[in-house]
Amino acid sequence: MVEGFSLGVSVAVVNSFLRALGSSLQRKHHTKNRLRNESEQIKEWMSFDWLLGFALFLIVQAANGFVLANVPTLVIAPLGGLGLVFNAILAFIVAGESLDAFDLVGTLLISFGAVMISIYGYLESNTVISLSVVKHMLSRQSVHVWAALMWTGQVSWLIVAAVLRRRRFLAGIRSESVVLGCIYCIVASIFSSQSTVLAKCGAELVKNLVIHSQNELYNILP
C-alpha cells in the first residue's frame, strides 16, 4: 500500500534524525571526557548525555521493525544516507565539531537523493517473501560464495585494524587515526547492510503471520 510506504519512509527519516541525535550526544560526552583529567572523567552510565543517546538508539531500533515491514530494502538503504546529513548538522550544533563547505555540498546532494527516493522509490508489488523463498535463496551456491567473500573481507579488515592499533600503541601514538576510522566505517557499513537484509526477511515473515495468517515460523529449520 502507498500509505504504508509513505508512513514507513516518514518513520525512517525520523529514525535517522533520532539516531544521529543520540550519536551526537554520546560523542559530546566522550569529547568532554577527553578534556578532563583521568580522575575527573565521568563513566558512561553516569552521564545524562550518554544515557539519553542510548535511549534514543533503543527507540530507533524498536521503530525500525515498522520501517522494515513497509519499505523495500532498496529504498531503506539509500534513506540511511540521511543519517550522514543529520550527523554532520547535529555534530556541529551539539558536539561543536567543524562543518566546512564540502560537508555542506555533500549534505545537499544526499538530501536531494533522499527526496528523489521518497517520491519515485515506491513500486507496487504483490510479491510475498515467504520462508520457503528465503530458504531457497540461502541454499544457492552463489549466496554461499558471496557470504564467504564478505566475511573473509570483514575479518581481513579487522586484522589490519588490530595490527595498526598495536603499532600505534607500541609507538606511543594516542591521537585519532583517519585510516582506522575509515576501516571501522567500512566494516560497520557492511555489517549494517547484511543485518538490514536479514531483518527485512524476518519482518516480512512476521508481517505474513499477522496480516496474512501464514505461520511458517514453525518450519524455520531445514
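## Asn15 and its contacts

Leaving out neighbours within four places in sequence, Asn15 is in contact (heavy atoms within 4.5 Å) with Val60, Ala63, Asn64 and Val67. Asn15 itself sits in helix H1; helices here are DSSP runs of H or I with at least four residues, strands are E runs of at least two, and both are numbered from the N terminus.

Asn15 counts as buried, at 4% relative accessibility. Buried means under 20% relative accessible area, exposed over 50%, and partly exposed in between, using a 1.4 Å probe and protein chains only.

## What you're looking at

This is a predicted model, where local features need pLDDT of at least 70 and side-chain atom pairs count only at pLDDT 80 or more, while totals for chains, interfaces and linings use all residues. Residues are numbered from 1 along each chain as its sequence is written, and side-chain values use heavy atoms, with hydrogens and water left out.

## Ser47, between two helices

Ser47 is in the loop that links helix H1 (2–35) and helix H2 (48–70). Ser47 is buried too, with a relative accessible area of 8%.

Setting aside residues up to four places away in sequence, Ser47 touches His29 and Ile42.

## The whole chain

The chain has eight helices and zero strands. Of its 222 residues, 26% count as buried.

Take the contacts between residues at least 6 apart in sequence: 74% of them join residues at least 24 apart.
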